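Reader: I am new to this structure. Please take me through one part of it closely, and then show me what surrounds the theme.

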Amino acid sequence: NLKLLASARSAGKEVQWDGNTHVIEELTEDSFKDVDIALFSAGGSQSKKFAPAAVKAGCVVVDNSSAFRMTEGVPLVVPEVNPEAIKEHQGIIANPNCSTIIMNVAVWPLYKISPVKRLVISTYQAASGAGAAAMAELEEQARAWVADKPMPQDLWGRQYMWNLFSHNAPIMDNGYNEEEVKMIRETRKIFGDDDIQVTATCIRVPVLRAHCEAINIQFEVPVSEEQAFAALAAAPGIQVVDDREANQFPEPLAASGLEDCLVGRIRQDASQPDGRGIELFVAGDQLLKGAALNAVQIAELL
């Protein structure tokens with residue numbers, strides 16, 4: 001059975017799913033009686049307010065916000081990487097950041113060949129990561145450009161179409177933004193490796209849906225290009241797209257709507273002549289594997 005909960009503003013609306021009509025109910029602390037698993041995706045403040053009530057009612061919460069990701073005792077799970085961590089839950093399981101998930105799915109098969117010393121990631125993040133309003137403004141700017149009219153800039157305060165800019169997360173004292181810090185901290189927790197060095201630069205690009213990431217990996221021991229190809233081709237949740245002759249590699253349009261992440265541009269890092277470096281380019285649907293699908297996969301493991 002499916003129960004849909006939202007704010008009072010949405011209560012009473014109908015949603016069609018799987019041939020049935022479901023009426024949205026207002027979320028309260030008493031909403032979780034007889035609920036086995038609750039998928040939370042209403043922001044950190046709502047998760048902090050209502051997740052404890054759900055757990056008290058005997059429900060297991062899979063939370064898509066950042067509220068509990070780094071909380072001790074709360075598993076942070078990517079099913080392709082650390083499904084065993086689910087067993088440690090005490091009522092709440094955290095869903096990682098979208099960029100972290102997409103990167104971790106691609107890196108983990110290689111980490112199993114050799115421990116990773118350092119990751120350098122550059123992200124190319126779609127409008128969908130900032131919600132429906134960001135997607136709508138990008139579309140509105142495109143229509144305005146075609147009509148030779150002024151572009152609306154209500155959300156970002158800048159032209160988004162034909163442009164890219166640093167991710168809109170707040171900048172911290174060390175110069176990193178919160179999105180970059182999430183990737184660093186969450187990867188260490190998911191991999192169970194506090195020694196792995198991670199740095200990231202997160203950029204918003206004028207793409208409607210699906211994030212891309214350029215990933216540079218430095219290993220403890222040499223990993224060949226052939227080993228990397230074989231490991232990625234055999235890994236769950238990955239489709240290798242790497243046709244050098246036809247210049248066919250991961251693209252956000254191709255990744256949109258797919259459950260798997262696309263991985264390509266697999267090559268030896270020429271700046272590491274000892275063979276301890278591999279370069280990748282990854283595309284993944286931020287709304288699916290980067291969020292909803294990962295949460296559902298966790299629920300399925302429960």
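Author: Start with Gly 192. At 65% relative accessibility, Gly 192 counts as exposed, because the cut-off for that word is over 50%. Keep in mind that this is a predicted model. Gly 192 sits in the loop between α4 and β10 (197-204).

Next, take helix α4 itself. It covers residues 178-191. Its neighbour here is helix α2, residues 98-111. The two axes come within 10 Å and cross at roughly 40 degrees. That makes α2 oblique to α4. The crossing is right-handed.

Helix α4 also holds Glu 186, a salt-bridge partner of Arg 69. The closest N and O atoms of this pair are 3.4 Å apart. Arg 69 lies in the loop between β6 (60-63) and β7 (92-94), so the bridge ties together parts that are 117 residues apart in sequence. Both Arg 69 and Glu 186 are buried.

Why can such pairs form? Side chains of opposite charge can pair when their charged atoms come close. How many salt bridges does the whole structure have? A search finds 6.

Another of them joins Asp 285 to Arg 209, with the closest N and O atoms 2.8 Å apart. This pair also links distant parts of the chain, 76 residues apart. Asp 285 is in the loop between β14 (277-284) and α7. Arg 209 is in the loop between β10 and β11 (211-219). Their surroundings can be compared through accessibility. Asp 285 is buried, with a relative accessible area of 0%. Arg 209, at 29%, counts as partly exposed.

Asp 274 and Arg 276 form a salt bridge too, with the closest N and O atoms 3.4 Å apart. Asp 274 is partly exposed, at 44% relative accessible area. Arg 276 is partly exposed as well, at 32%. Elsewhere, salt bridges that share partners join Glu 225, Asp 242 and Arg 244 into one network.

Finish with helix α7, residues 288-301, which holds Val 296. Val 296 is partly exposed, at 35% relative accessibility. Together with Ile 37, Leu 39 and Leu 302, Val 296 forms a nonpolar patch on the surface. The accessible area of the four together is about 300 Å².

Technical notes
Residues are numbered from 1 along each chain as its sequence is written. This is a predicted model: local features need pLDDT of at least 70, side-chain atom pairs count only at pLDDT 80 or more; totals for chains, interfaces and linings use all residues. Side-chain values use heavy atoms; hydrogens and water are left out. Patches are made of residues with over 30% relative accessible area and no salt bridge: like charges are joined within 9 Å, nonpolar side chains (Val, Leu, Ile, Met, Phe, Trp, Tyr) within 5 Å. Accessible areas come from the Shrake-Rupley method with a 1.4 Å probe; for residues, only the protein chains shown count as cover. A salt bridge is a side-chain nitrogen of Lys or Arg within 4 Å of a carboxyl oxygen of Asp or Glu. Helices (H or I, at least four residues) and strands (E, at least two) are DSSP runs, numbered from the N terminus. Buried means under 20% relative accessible area, exposed over 50%, partly exposed in between (1.4 Å probe, protein chains only). Axes are lines fitted to C-alpha atoms, for helices over the stretch in contact, and angles run from 0 to 180 degrees between N-to-C directions. Angles under 35 degrees count as roughly parallel, over 145 as roughly antiparallel, 65 to 115 as roughly perpendicular and the rest as oblique. A crossing is left-handed if the near helix is turned anticlockwise from the far one by less than a right angle, and right-handed if clockwise.
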